[in-house]
Structure formats: C-alpha cells, structure tokens
Amino acid sequence: PALKDDAGLELSFGELSKFIQSGANHLPSRTLVLVLASNDVPTVSFILGCLENKWIPLVINEDTDELLVDQYINQYQPNAIFSSPDKQKTLNLGFLKKIQWFDKFVYVLNEKKHELYPELSFLLPTSGSTGSPKLVRHSYENLSFSATNVSKFFGIRPNDVGLAILPIYYTMGFSVLSSHLYAGAQVRLSKHALTERSFWDVLKNENISILTGVPYTFEVLFKMRFERVKIPSLRIVTQGGGKLSDILWDKLVSYAVSNNVQFIPTYGQTEGSARMSYLDSHYTLSKKGSIGKAIPNGTFEVWDSQGNPIPQTEAEGELIYKGGNVTMGYAENLSDLIKGDERQGVLHTGDIVRRDVDGFYYIVGRSKRFLKIFGLRIS
C-alpha cells in the first residue's frame, strides 16, 4: 500500500503508478494547475500525477478564502483548477471542460501557453500568513534531493506507515509525503483533528510507525495525555516547524525513553524544501534544544555580519545552508515563473545560530522580524 485516507480510499504503489500514467493524456505538458488541496488520496495522487506528467501544481489550502483564491488566479493565470465540486461552485468560475479525478475534478479554465522555466516543478506558499500569494519555486532536483536525503537520515523502511496529519500544502506535510513514498513506505493521510477520537483510533490501530508534528501538535497531544497512550508500532516521533519549548522537549525525550521510540527533532524552511538539519536521537539528552547538523549531502556555515564565513569551530552568526534542496527563489506573479535558479543552492536562512565545540547548531535569534505561531510565520 502507498496511500490511504480517512474515507478508506487506498492505493497500492502499482495502482498509483497506473492511475498517474493513465492521466497523461488529460492535459498538455507544462499546464499550470491551481490545486485546492486536502489530505486525501484524490489530491495527493493528482499532485503526484502533476509531477510525473510535467504539469506544474500550485498547491494551496482547499479552505482558502475565495477572495484570496481569486488573487491567485489573477496573478498566476492558471490553466486549470483542481478542486471538489462544492468548492468550484463557491468560486463560480467559468470553465472549458472538466476532467474527473476520483470524486474531484480538474476544471480547465483556459488553454494559454505559459512560458515556464523548464526545471520548475512545484509551487508552494511560504509559511507566512500575511495574505499575500507569494510562492516558493521548487525545481525537480529540489524534490528529489529532499525525498532521498530525508528518507535516508530517518531510515524510513518499506514496512513503515507514516501518519500525515500536517497539511500537504505546508512544506513539512509535503516532506512527510515525498520521503515516505520514496522509501516505499505507506502514507496514512488524515484530516482528523487531534482532539477527535477518530484521530486516536488511527494512531493506535493502523500500525503507525512514524509520527510528525510541529510544536503546536505536541502541545495538543500532551494535553490529551499522549504520554499514557501505548502505540506498539510507533518507532519515530519527529518535530519541525519551529522551536520546541524546554518543557515540550523534555516531555518528548521522556516519552521516547519510556516507549523505546526515537525522538528526532528537525529544522528547515519552505525555501529549503522543509528539512535542512536533524538531531540524531542519541543526542536529545546531551544537546537539548539543538537543531543538530545538516542533513546528508547538505552543509551549514556560520557567517558574520560582513558576510564572511567564520572558520572557528565555536561561532555565532547567521546560518547559511547549502544543498540541492535549496529552492530557486520566489514568485509573486506569472512572469516570475520563467525565472531560473536565483539561489544556486545557497540559502541565507535569517536565523542567528551558535555552533558549539562539537559542531552542533542552536538557534539563538533572528535577523528578520516575525513571530512563528502554530507553525505559521507572522510578519
């Protein structure tokens, strides 16, 4: 099995592959599609179909306000929209034709030939929530590099079942999806709220072995007495999307020790295809609060205020990341989608870090002014 969702819809890897290939004739290559996404098999299979068939998915929350959806349409002029019929009715858009994809549809709006950068693969909103439809431009290499190396440092196995509760239009949610599928593992897609009994039934009864969350996820889970729940299949708990409080860190370490589970904190940004570092579970006691070291085939540097690398082992300054998962840059309208790789594999994170004598990194501040609330960046 590759994918399963709350509705019980399930696809094996073979079925998923055949379904994606069967859709190749529906749309011309390099079609730009606005995807109103949710954590279900129809949406995920369509996004994978886009990547396989060289369509460009622009992925946003299916519950995005209609005015903001209109803004995306006006600024990017997509050729088509993927959505549920109910959402399409609320948008009230005219379309040339519609193509059924499970219980959802691709509504073809126009047949304009857009000029798109050849390596442009995928468009995601930044984790900012200022209401601006600013996007991060991913290349095919970004997605491949991220899936390969994230699955590597987690040691994801074909018999693993990863619970995807983070939304797939969020960079961490998509990372869960891509890394598990790359490793041949199953992704259990879920839209259940963490406070619903149905979520806990999935967690306890469907052989979940990898659970990924942001700090807010674990705040809610521990309020629901997560530490008392026995999940024999669980072997990895991992966190990203912001800094954990000391209290939550201690609770997760304690849970991991008590239940023979690996706790693996990670750090990343949308601009770095989600994960750029991880802390090996063996160091969660001795390196409390650390973001660890760079992921396989990625590197960290610390730069001073003049933009020079600091060679000393112990250092403090801006964190610079280099790797094949560094995205190509931003887009704010259709004309930006012809742009090439503006970063060339180098990301200035804006995070101020301390590097200790053992080469582990700790975030100590920001060079840019925003808060992170519920995993969202607020300017």
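Strand S3 and the chain around it

Biologist: Which way do the side chains of S3 point, and are they buried or exposed?

Modeller: Leu32, Leu34 and Leu36 point one way from S3, Val33, Val35 and Ala37 point the other way, and all are buried. This is a predicted model, in which local features need pLDDT of at least 70, side-chain atom pairs count only at pLDDT 80 or more, and totals for chains, interfaces and linings use all residues. Residues are numbered from 1 along each chain as its sequence is written, and side-chain values use heavy atoms, with hydrogens and water left out.

Biologist: What makes S3 mostly covered?

Modeller: Buried means under 20% relative accessible area (exposed is over 50%, partly exposed in between; 1.4 Å probe, protein chains only). Six of the six residues in S3, residues 32–37, are buried. Strands are DSSP runs of E, at least two residues, and helices are runs of H or I, at least four, numbered from the N terminus.

Biologist: How do you know that S3 pairs with S4?

Modeller: Pairing requires that DSSP finds at least two bridges between two strands. Six bridges join S3 to S4 (residues 56–61), so the two strands pair, and they run parallel. Within S4, Pro57 is the bridge partner of Val33.

Biologist: What joins S3 to S5?

Modeller: Three bridges join S3 to S5 (residues 80–83), so this also counts as a pair, again parallel. Ile81 in S5 is the bridge partner of Leu34.

Biologist: Why is the unit of S3, H2 and S4 called right-handed?

Modeller: The term applies if, with the strands pointing away from the viewer, the path from the first strand over the helix to the second runs clockwise. S3, helix H2 (residues 41–52) and S4 make such a β-α-β unit.
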